[in-house]
Amino acid sequence: MSELSLAYIFHEQKLLVDEQFQLPQVERLEDDLLFTEGDHVIARDLLDSETIPEGFQLVPIRQLVTIWDRTQFEQASRAVQLLEWRRNHKFCSHCGYATEIHPTQYAMVCPACKYSQYPRIQPCVITIITKGNEILLAQSIRNKGKMYGLIAGFVEVGETLEQAVERETLEEVGVKVKNIRYISSQPWPFPSNLMIAFHAEYDSGEIKIQEDEIYDAAFFKFDQLPEIPFKGSVAHAMIMHIIHGHAM
């Protein structure tokens with residue numbers, strides 16, 4: 001019997017784990033994606049024709065953010081993003097020829113024109129904006145529940161990260177910010193983002209929401225916050241960092 005490998009097995013954005021949220025150990029297959037840590041950690045997709053083994057379940061990886069530690073979640077994040085990249089680059093973007101998996105690198109190589117396609121991430125700024133003992137929180141138009149979050153958006157071509165913070169804040173809630181400072185970052189596999197966290201101070205302007213993006217926005221006192229993003233998300237960590245001085 002061949003040596004078993006720890007396996008990240010995904011079906012869309014759900015991961016196969018047992019009842020204690022632990023990963024299965026399986027025999028390695030030829031098409032498995034290998035991690036650089038060694039041959040004993042692999043990732044693969046669960047095919048529609050495959051059944052879920054007894055004692056296991058498919059759990060959304062968003063849920064695992066609240067259960068696993070940061071290292072575990074980042075490993076799962078890396079696995080799902082690499083699988084998504086490999087799935088979406090089966091053909092060369094230059095000539096359309098079928099690609100092949102590079103034997104030692106994370107690259108899909110075209111045997112016809114030799115073009116290599118590497119995994120890409122999408123940088124996204126997320127900003128906690130303070131005004132004295134208040135935080136600006138916003139409710140997305142796509143989530144009209146009770147939860148309020150932070151201002152966030154993708155970095156555009158030709159922008160610095162700080163310019164993206166200024167633009168997204170002005171576009172989404174109509175205010176200007178100052179004293180923009182980097183805090184931390186977090187890989188966020190929905191689908192392949194890198195969340196880059198900043199703290200900025202309110203400078204000027206009245207809140208005017210971007211109605212096709214934001215449902216509501218307001219400044220909330222530190223001790224009177226509405227429902228905020230779940231523990232494990234970078235937004236939650238940022239809010240706790242500002243209010244309580246917790247490390248990111």
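Residues are numbered from 1 along each chain as its sequence is written, and side-chain values use heavy atoms, leaving out hydrogens and water. Because the model is predicted, local features need pLDDT of at least 70 and side-chain atom pairs count only at pLDDT 80 or more, while totals for chains, interfaces and linings use all residues.

**Cores**

Let's start inside. A nonpolar core is a set of buried Ala, Val, Leu, Ile, Met, Phe, Trp, Tyr and Cys residues joined through side-chain atoms within 4.5 Å; buried means under 20% relative accessible area, with a 1.4 Å probe and protein chains only. The largest such core has 42 residues, and Tyr-8, Leu-15 and Leu-150 have the most contacts inside it. Its largest share, 7 residues, comes from helix H2 (residues 70-88). Helices (H or I, at least four residues) and strands (E, at least two) are DSSP runs, numbered from the N terminus. A second, separate core of 18 residues includes Ile-129, Val-165, Ala-217 and Phe-219.

**Helix H4**

In helix H4 (residues 234-244), the buried residues include Val-234, His-236, Met-238 and Ile-242. Among the elements covering the buried residues of H4 are strand S10 (122-131) and strand S13 (176-188), where contact means heavy atoms within 4.5 Å. Just after H4, Gly-245 takes a positive phi of about 75 degrees.

**Aromatic contacts**

Rings of Phe, Tyr and Trp (its six-membered ring) pair if their centres lie within 6.5 Å; planes under 30 degrees apart count as stacked, over 60 as edge-to-face and the rest as tilted. The count comes to 6 aromatic pairs. In one of them, the ring centres of Phe-73 and Trp-188 are 5.9 Å apart and the planes are at 50 degrees, so the pair is tilted. Phe-73 lies in helix H2 and Trp-188 in strand S13, so this pair ties together parts 115 residues apart in sequence. Phe-73 is buried at 4% relative accessible area, and Trp-188 counts as buried at 12%.

| Charge | Ring | Distance to ring centre |
|---|---|---|
| Lys-131 | Tyr-202 | 4.8 Å |
| Lys-131 | Phe-219 | 4.3 Å |

**Largest pocket**

The largest pocket is lined by 30 residues, with Ser-140, Arg-142, Leu-150, Ala-152 and Met-195 nearest its centre. On a 1 Å grid over the protein atoms alone, a pocket is an open set of points where a 1.4 Å probe fits, with protein on both sides within 12 Å along at least five of seven lines; lining residues have an atom within 4 Å of a point. S12 gives the most to this lining, with 4 residues.

Technical notes. Buried means under 20% relative accessible area, exposed over 50%, partly exposed in between (1.4 Å probe, protein chains only). A charge sits over a ring if NZ of Lys or CZ of Arg is within 6 Å of the ring centre and within 35 degrees of the ring normal.
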